[in-house]
Amino acid sequence: MRRRKQLMNQINVVPYVDVMLVLLVIFMVTAPLLTPGLVELPSVAKSSQPPEAPLEVIIRTDQSMLLRERVKGQAADRNVTMAQLVAAVKEKQARSPDQAVVISADKDVRYEAVLKVMDELQRSNVKRVGLMVKPAGRP
C-alpha cells in the first residue's frame with residue numbers, strides 16, 4: 001500500500017524570530033548614536049519689531065492709481081501716476097528694504113493694467129510685489 005503524504009500544516013517561525021532579534025539589536029545599538037534635531041526657538045528678548053504694513057496700490061476701473069500707506073493704524077491715500085508710484089515705493093524701501101507692495105484692482109479692470117504696474121515695479125527692483133485678493137464668500 002502506498003503511504004499518503006502527510007501535509008505540513010505548521011510554519012517554522014524560528015528564522016523569523018532570529019531576523020527580528022537581529023533587527024532589535026541593530027536598532028538598540030544605533031538609537032543612542034543618532035543626534036536629535038535641534039530647533040532654535042526665538043526668545044522674547046530677541047523679538048524684532050512687527051512687520052510693516054504693505055503699501056497698497058489700488059487700480060481703479062478708469063486705470064487711475066491710488067497709493068495707500070498704513071502708518072500705526074491710520075491709512076493715508078493719495079492719487080499717483082506711475083512715476084510717482086515708483087518714486088514713493090523706492091523711497092519707502094530705502095528706509096526699510098523688506099517693504100512689501102500689494103496690488104489690488106477692481107474686478108472690471110483689465111488684467112493688462114495690473115501686469116503693467118507689476119512689470120514697472122519689478123523693473124524698478126522692488127523685491128516683494130504681490131496681489132491682494134478677497135476671500136471667497138465675502139461681499
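Which side chain meets that of glutamate 69 in a salt bridge, and at what N to O distance?

Reply: The partner of glutamate 69 is lysine 92, and the salt bridge between their side chains is 3.6 Å, N to O. The two ends come from distant parts of the chain, 23 residues apart: glutamate 69 belongs to strand β2, and lysine 92 to helix α2 (residues 82-95). With a relative accessibility of 11%, lysine 92 counts as buried.

Some ground rules come next. The model is predicted, so local features need pLDDT of at least 70 and side-chain atom pairs count only at pLDDT 80 or more, while totals for chains, interfaces and linings use all residues. Residues are numbered from 1 along each chain as its sequence is written, and side-chain values use heavy atoms, with hydrogens and water left out. A salt bridge here is a side-chain nitrogen of Lys or Arg within 4 Å of a carboxyl oxygen of Asp or Glu. Helices (H or I, at least four residues) and strands (E, at least two) are DSSP runs, numbered from the N terminus. Buried means under 20% relative accessible area, exposed over 50%, and partly exposed in between, with a 1.4 Å probe and protein chains only.

Now the other charged pairs. The structure holds 9 salt bridges. One of them joins glutamate 56 and arginine 70, whose closest N and O atoms are 3.0 Å apart. This pair also links distant parts of the chain, 14 residues apart, with glutamate 56 in strand β1 (residues 55-59) and arginine 70 in strand β2 (residues 65-71). Elsewhere, arginine 110 forms a salt bridge with glutamate 112, with the closest N and O atoms 3.6 Å apart. Both arginine 110 and glutamate 112 are exposed.

The strands in question belong to an open sheet of 5 strands, in the order β3-β2-β1-β4-β5 and with mixed pairing. Its edges are β3 (74-80) and β5 (129-131), and each has a single partner strand, so one side of each has no neighbour in the sheet. From one strand to the next, the twist averages 25°. Two strands are said to pair if DSSP finds at least two bridges between them. Strands β2 and β3 run antiparallel and are joined by 7 bridges; within this pairing, arginine 70 has alanine 75 of β3 as its bridge partner.

Strand β1 has partners in β2 and β4. Its pairing with β2 is antiparallel over 4 bridges, and its pairing with β4 is parallel over 5 bridges. Isoleucine 58 takes part in both, with leucine 66 as its bridge partner in β2 and serine 104 in β4. The hairpin of β1 and β2 has 5 residues between the strands, and glutamine 63 there takes a positive phi near 65°.

In a regular strand the side chains alternate between the two faces of the sheet. In β1 both faces are covered: Leu55, Val57 and Ile59 are buried on one side, Glu56 and Ile58 on the other. Glutamate 56, the salt-bridge partner of arginine 70, is thus one of the 5 residues out of 5 in β1 that are buried.

Helix α3 (residues 111-123) lies across β1, β2, β4 (101-105) and β5, and runs at about 165° to β4; axes are lines fitted to C-alpha atoms, for helices over the stretch in contact, and angles run from 0 to 180 degrees between N-to-C directions. Contact means heavy atoms within 4.5 Å. The loop between α3 and β5 holds arginine 128, which is partly exposed at a relative accessible area of 46%. Arginine 128 touches Asp98, Gln99, Ala100 and Val101, leaving aside residues up to four places away in sequence. Arginine 128 and proline 54 are 74 residues apart in sequence, with 9.4 Å between their C-alpha atoms.

Last, the whole protein. There are 3 helices and 5 strands, which run α-β-β-β-α-β-α-β from the N terminus on. Of the 139 residues, 22% are buried.
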